[in-house]
Amino acid sequence: MTTQRKLIENLAAVRGQIAEAAHRSGRTPDEITLVAVTKYVTADIVQQLVAAGCHDLGESRPQELWAKAEAIQKSAALQPTTNKPNAGTQPIRWHLVGHLQRNKVSRTLPLVSLIHSADSLRLLNAINQAAAGSNRRIPVLIEINISGDAAKHGFQPDEMEPALPNMTVFSSLEIRGLMGIASRAGDLAQARREFARLRELRDQLRRVAPPNLQFHELSMGMSGDFEAAIEQGATLVRIGAALFQGVIEQ
Ligand SMILES: *Cc1c(COP(=O)(O)O)cnc(C)c1O
C-alpha cells in the first residue's frame, strides 16, 4: 500500500474511533478536534496527511514546528494554486503541544494557532509580551501536571485558582482551557481518573474565573488513551502514533 493510501486509511480509522467514543458519551464528533502530532515523520509525509484532509497539526518541539511549518509554506508557494484541490481550501493550523522555552517564543508565535503547553506564569508573561509587540492575541491552554510526576511540566492542579488573578492581566493572551498528559506508567483506568480530574478542574475554574479567562477547551488524550479522554470530555485530542502506523518504523 502506498504511504498516501495508508495515511487515508489511518485517518479514517482514527476519526471513526473518535466518533464512536463521542457517541458513547452522548457527544457529537464535531465537538472534538483531532490534532495530528507529526513528530515521527518528515515534512513530506505531513503534506500527504494534509492532502488527506487533516488540517490541525501538532509538534512537541518548537524547532520541529518551525522546520515543518516553514517547509510546507515554501512548497505551497511553489505550487500553482490550480493544482491544489485540498490545500487551497482550508488553512493549516499548527499547535505547539510540548514545552516552549522563553527564548523560542518570538519565532514560534507567528506560526502557531494554539499553544497547548503554557506551563508557567513566566512563560505566559513572555508570550503575552511578544504577542503585544506584534499586535496579536495568542490562544493558549494552561498545561496541568495531572500525573503528579514531579519531573513533568505544568501547573499543579491546586495552583490554578490562586494563579487566576495573575492570568487576567495578560491582555494579549486568549486563555481557552487546560491541557494534560496522563501518566505513561499507569493503566487506562488511571488515565481515565486523571482525565476526569482535569475536567473537574476545568469546570471549577469556569465557575470562579473572571470573564476574560475562558476555560472551555480540554486538550487530553493521545494514541493509547484518546477514547477514554473523549469520554471524559476532551475537546482536542493529540494523536501521533495511531495516524502513522504502517508509515514509519515503530
Ligand atoms: C508525542 C505527543 C503526543 C502524541 O502521542 P502518540 O502517543 O504518538 O499519539 C501527544 N501529546 C504530546 C505532548 C506529545 O509529546
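Leaving aside neighbours within four places in sequence, which residues is K68 in contact with? Residues are numbered from 1 along each chain as its sequence is written, and side-chain values use heavy atoms, with hydrogens and water left out. This is a predicted model, in which local features need pLDDT of at least 70 and side-chain atom pairs count only at pLDDT 80 or more, while totals for chains, interfaces and linings use all residues.

View A. K68 is found in helix α3, residues 62-78, where helices (H or I, at least four residues) and strands (E, at least two) are DSSP runs numbered from the N terminus. With a relative accessible area of 5%, K68 is buried, a term that stands for under 20% relative accessible area, as against over 50% for exposed and partly exposed in between (1.4 Å probe, protein chains only). Beyond its neighbours within four places in sequence, K68 is in contact (heavy atoms within 4.5 Å) with T38, K39, V41, T42, A43, V46, E59 and W94.

View B. Apart from its neighbours within four places in sequence, I142 is in contact with residues including H116, L124, F155, M160, L178 and F215.

**View C. The packing of helices α1 and α2.** Helix α1 packs with helix α2 (residues 43-51) at an angle of about 55°, their axes lying 9 Å apart; axes are lines fitted to C-alpha atoms, for helices over the stretch in contact, and angles run from 0 to 180 degrees between N-to-C directions. That angle makes α1 oblique to α2, since angles under 35 degrees count as roughly parallel, over 145 as roughly antiparallel, 65 to 115 as roughly perpendicular and the rest as oblique. At this contact, T3, Q4 and L7 in α1 meet I45, Q48, L49 and A51 in α2.

**View D. L218 in strand β7.** L218 lies in strand β7, residues 217-219, and counts as buried at 0% relative accessibility. Leaving aside its neighbours within four places in sequence, L218 is in contact with L178, L198, R199, R202, Q232, G233, A234, T235 and L236. L218 and M160 are 58 residues apart in sequence and, C-alpha to C-alpha, 15 Å apart in space.
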